[in-house]
Amino acid sequence: MGFMQLLIENVNKQYRGSDFFALRDLSLDIGPGIMGLLGPNGAGKSTLMRIIATITKPTHGNVHWNGIDIVQQPDEIRAVLGYLPQDFGVYPNLNADEFLHYMAAIKGVDHKAAKERIEDLLTFVNLLDARKRPLGNYSGGMKQRIGIAQALLNDPRILIVDEPTVGLDPEGRARFRHLLAELAGDRIVILSTHIVSDVEATANDIAIINQGQLLVRSSPEDLLQLVEGKIWDLIIPSAELSAAKQKHLLSSIIRRKDGLHIRVIAESRPAQEAQLASAPILEEAFLYCISTHRGAGTE
């Protein structure tokens, strides 16, 4: 397998005829394992995924795969890339077998190799029993798993999955995360999502992006350190909720008999009776990063 490195340097993406930058001076050095790319909707995650997948070119900046410039030589990465886009579409009248053989042909996987590979992949994504059913009858979770199977047809060294768990039920989501974790070993997996728990369950490396910029790159543990001592428990009457929302950054609200139990993210005690909360969670670290960035007046 050898060396694996995806190097993104000062990438900008500006859309023609507009002042809008989907990405701004973004740099990331990515190696094997699961990298969680976390950001709110519209943060620029999909644009970055499309640049890595060589569907879109950056306006400025470079992307290198093992030292090769993929903007100039896209075939180098395409040969080893698996991609599950956000709006992954299937052909509703084809069954899983037909669809995967069709995708294998497009990717240039030879027919004999494809046959064995498809058998293995259908077993891996737990769809062997459903292989002859038309894809139009598949549930959301089953379609996502077929999506992963097609992305793995060429045994990629680099796998990109964009917002893969949107629309899945909790069981489907858990199954999907389990699949990803099994894949990580000796390849680069980039999981782009706005759902913190997806990243929490799988990634050993997290990059938070917002408004096209990289805010933080760290391990989950270090991310939690950012909000240590900044999470507060407070009980308020429900009539005060909208005022509290305007004044503070809230990470959770629970209704109880004695009022609303809220968790506030703040540098210092937000109210006299506020108590320092126990263990912060990753969701709170994410909210904190995004809000401090917004507060910094970055446009």
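These legends go with a set of close-up views of one predicted model.

**View 1. The whole protein, before zooming in.**
The predicted model has 299 residues, and 50% of them count as buried. A search of the whole structure turns up 14 salt bridges, and some of them get their own views below.

H5 covers residues 140–151, which makes 12 residues. From first C-alpha to last it reaches 17 Å, close to the 16 Å expected at 1.5 Å a residue. Buried here are Gly141, Met142, Gln144, Arg145, Ile146, Gly147, Ile148, Ala149, Gln150 and Ala151. That is 10 of the 12 residues, so H5 is largely enclosed by the rest of the structure.

**View 2. Helix H6 and its buried face.**
H6 runs over residues 170–183, with 14 residues in all. Its C-alpha span, first to last, is 20 Å, close to the expected 20 Å. The buried set is Gly172, Phe176, Arg177, Leu179, Leu180 and Leu183. Looking down the helix axis, these buried residues fall within an arc of 155°, so they line one face of H6. Pro170 and Glu171, on the other side of H6, are exposed.

Arg173 pairs with Asp198 in a salt bridge, with the closest N and O atoms 4.0 Å apart. Arg173 sits in H6 and Asp198 in helix H7 (residues 196–202), so the pair ties together parts that are 25 residues apart in sequence. Asp198 has 0% relative accessibility and counts as buried. A second salt bridge joins the side chains of Asp186 and Arg157 at 3.6 Å, N to O. Asp186 is in the loop between H6 and strand E8 (188–193), while Arg157 is in the loop between H5 and strand E7 (158–162), 29 residues apart. Asp186 is partly exposed at 39% relative accessibility, whereas Arg157, at 11%, counts as buried.

**View 3. The four-stranded open sheet.**
The strand order is E12-E13-E11-E14, and the pairing is antiparallel. At the edges are E12 (249–256) and E14 (275–276), each pairing on one side only. E11 (residues 231–236) and E13 (residues 259–265) pair over six bridges in the antiparallel sense. To get your bearings, find Trp232, whose bridge partner in E13 is Val264.

Glu267 and Lys230 form a salt bridge, their closest N and O atoms being 3.9 Å apart. Glu267 belongs to the loop between E13 and E14, and Lys230 to the loop between helix H8 (220–226) and E11, 37 residues apart. Glu267 is exposed, with a relative accessible area of 53%, but Lys230 counts as buried at 16% relative accessibility. Elsewhere, salt bridges that share partners join Asp97, Glu119, Arg131 and Lys132 into one network.

Asp69 is found in strand E5 (residues 68–69).

Note on methods
Residues are numbered from 1 along each chain as its sequence is written. This is a predicted model: local features need pLDDT of at least 70, side-chain atom pairs count only at pLDDT 80 or more; totals for chains, interfaces and linings use all residues. Side-chain values use heavy atoms; hydrogens and water are left out. Two strands pair if DSSP finds at least two bridges between them. Helices (H or I, at least four residues) and strands (E, at least two) are DSSP runs, numbered from the N terminus. The expected span of a helix is 1.5 Å times one less than its number of residues. Buried means under 20% relative accessible area, exposed over 50%, partly exposed in between (1.4 Å probe, protein chains only). The arc is that of the directions from the helix axis to the C-beta atoms.
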